[in-house]
Amino acid sequence: MDFLNNYIYYIGAFGLFFIGLYTMLIKKNLIKIIIGLTLLDSGIYLFFVAVGYLHKGTAPIISGHSPASEKMVDPVPQALILTAIVIGVSILALALSLAVKLYQHYHTLNIKNIKELKW
Amino acid sequence: MVNPVLLIAVPLASAFLIPIAGLLSKKFEKIIPIAAMLFNFIISLMLVFPVLEKPVQVYIGGFSPPFCINLFAGPVAIFFSILISLVGLLISIYAASYIKKGATEKYHILYLLLLTGATGVVLTGDIFNLFVFFEILCISSYALVAYTNDKAGIEAAVKYLIQGALGSSLILLGIGFLYGKYGTLNMAHIAASINTITAASDFIPLVLLITGFGIEAAIFPLNAWLPDAHSSAPSTISAILSAIAIEVGLYAVLRIIFTLFGASSMLLFFTFLGLTTLLIGEMCAFTQTNIKRMLAYSSIGQIGLILFAFAMGTAHSITGGFFQLLSHTLGKALLFLSAGYMIYRSGSMHISSLQGQAQKMPYTAFAFTIGAFSLVGLPPFIGFPGKFMIIKAAMFKYEMLFTILAILVLTATIIEGVYFFKVVQALYFKGDDTATPKQRAPLIVLIPLFLFVLLIIGIGIYPKYIIKILNTTGKEFINRFDYIRGIIR
């Protein structure tokens, strides 16, 4: 159980990452590729939070009541991930709006059939 | 002393000033980018001499590093900042008459954001901050590629976005690994802990970061998006992507290799990677019939050459790399801009449609010719000293291997010469000689072209001063410990 306690978040993070990568590489539908991108990003967010996580740690607030020796969770990755989530959302929004435009031009989202620029 | 923060703050603020000022008059959207870039250019020039003596640092929030986000305006950062603001300024003057259709206001906002991101990437000393600025650069370039809103533009933007977003995710993962191991995000602080790469826990983030930034820099196996994106975007955007965006990606790659990891044991690998990129790029460019696609593939080749120069790792080759970077930025921006107006008039990107354009648009065709000759590396132009220094640096390695590599570089130059001369021949010596009415480009388009031509010839004839400054610039990449000591005291 100790192994699971320590590594379960990493397993989850890389599970999500590789599911996302698989979806991006294998699927032919653009929407599914974008979903894969989101999954992959979620895996990375989870990885970041797992890096700073301590089992049974507390919130990193120093107050008079809590002794200084108490274990605290690292707050920096969480702050970073808030930024990264915002960036991820803006990429997602741009990707989906481009998908709409692509559908208006080609009447399909299957990337096998979109080859105007293929040489 | 000027504060380098202004280099980021002013374009960012003026980008969002555009829609507000647009309520008053439509003219502001064209003037604000020019004013912001002129301001950046002047500030960067004012910083040159202080920075050559001692790098200027800014601690955001007032804490000292590694606890704050720091801006490190060293010689490399100022070199790139001058290049970005100069090219950005000239292209925004050109765009004032070139961009007429569509959402022009949004074009100018995104254009300024792209330049803000590029300046931020080169100035920052914090790896997560670098990622954030890199995303500003990338997201605005995805949107700008789709600006034309036609079939090709949207398709190219989708391809670019999917590959670029995957690349940025890999960068983020690499940063996660680094933070997990070293518990800091300051690049100098991380670099202080890494001497040589032995452990897999250092190697994995190196590979992730190089792959992620390599996608934006279009290094060989990762360059699939570039020809589509550069050929489908409006010509001003092709110029800024080719002249600034991929160079900034390359800067990030070099910063990772030289400063962050000090990966001197892997430099030979990057030499080969650069050479492969060069050969593939030039050979693909040779077979193109679409002029903008040809220029895009030529950019891939040039990036390969620059990477090759830097990866040789000697003081001479790094100076040569910086010079070649300068020459490619000026030359390729000029080529895309002059080709852009000829395409605009003839209505087709096919090389055969450019036949006889020299009679119709003599100045634009002349500017294109100068740019082409400079990129090939003919003597009076800026391209010659760059290529000369790279070949010389390769020969001064006194190794059989590098002599062979130098021969391959020269072979690639010959291929480059052939396809550029083909276009120049079409411009001047083909097509009907009947006196066609002259359709000169407007003056506001000719001014930036003329300034580019002036710079290319001027620096080409007197490269000495620039080389002197670039020698100091190159030291920042070679003396990694000076960089670290400069930040962490």
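pLDDT is the predictor's confidence in each residue, on a scale from 0 to 100. The views below show a predicted model.

**Figure 1. Confidence along the helices of chain A.** Among the elements of chain A, helix α1(A), residues 2-26, has the lowest mean pLDDT, 89. The highest, 93, belongs to α2(A). Over chain A as a whole the mean pLDDT is 86, and 92% of the residues reach 70 or more. Where pLDDT is low, the predicted coordinates should not be read in detail.

**Figure 2. Overall form of chain A.** Chain A contains 3 helices and 0 strands, in the order α-α-α along the sequence. Its radius of gyration is 20 Å, whereas the globule rule gives 14 Å for 119 residues, so chain A is more spread out than a compact globule. Along the principal axes, the C-alpha atoms of chain A fill a box of roughly 65 × 30 × 20 Å.

**Figure 3. The side of chain A that touches chain B.** Contacts between the two chains involve 26 residues of chain A and 25 residues of chain B. On the chain A side, the elements that give two or more residues are α2(A), residues 30-52, and α3(A), residues 76-106. Helix α3(A) provides the largest share, 13 residues. By class, this side of chain A has 20 nonpolar, 3 polar and 3 charged residues.

**Figure 4. Packing of α12 against α17 in chain B.** Helix α12(B) spans residues 291-312 and helix α17(B) spans residues 400-429. Their axes lie 12 Å apart, at an angle of about 160°. Angles over 145 degrees count as roughly antiparallel, and the two helices are therefore roughly antiparallel to each other. The crossing of α12(B) past α17(B) is left-handed. From α12(B), the residues in contact are Ile291(B), Met294(B), Ser298(B), Gly301(B), Leu305(B) and Phe308(B). They meet Val409(B), Ala412(B), Glu416(B), Tyr419(B) and Val423(B) of α17(B). The residues of this contact comprise 8 nonpolar, 2 polar and 1 charged.

**Figure 5. Packing of α8 against α10 in chain B.** Helix α8(B), residues 200-217, and helix α10(B), residues 235-260, pack with their axes 7 Å apart. The angle between α8(B) and α10(B) is about 160°, and these helices are therefore roughly antiparallel. Their crossing is left-handed. Helix α8(B) contributes Leu209(B), Ile210(B), Phe213(B), Gly214(B), Glu216(B) and Ala217(B). Facing them in α10(B) are Ala245(B), Ile246(B), Gly249(B), Leu250(B), Ala252(B), Val253(B) and Ile256(B). The contact has 10 nonpolar, 2 polar and 1 charged residues.

**Figure 6. Packing of α2 against α4 in chain B.** The axes of helix α2(B), residues 28-53, and helix α4(B), residues 104-123, come within 9 Å. They cross at roughly 10°; α2(B) and α4(B) are therefore roughly parallel to each other. In α2(B), the residues of the contact are Glu29(B), Lys30(B), Pro33(B), Ala36(B) and Met37(B). Their partners in α4(B) are Thr104(B), Glu105(B), His108(B), Tyr111(B), Leu112(B) and Leu115(B). Divided by class, the contact between α2(B) and α4(B) holds 6 nonpolar, 2 polar and 3 charged residues.

Terms used: Residues numbered from 1 in each chain as written. Chains lettered and ligands numbered in written order. Predicted model: local features only at pLDDT ≥ 70, side-chain atom pairs only at ≥ 80, totals over all residues. Contact = placed C-beta atoms within 7 Å. Helix = DSSP H or I, 4+ residues; strand = E, 2+ residues; numbered from the N terminus. Nonpolar A, V, L, I, M, F, W, Y, C, P; charged D, E, K, R; others polar. Axes fitted to C-alpha atoms, helices over the stretch in contact; angles between N-to-C directions. Parallel < 35°, antiparallel > 145°, perpendicular 65-115°, else oblique. Left-handed = near helix turned anticlockwise from the far one by under 90°. Rg over C-alpha atoms; globule rule 2.2 N^0.38 Å.
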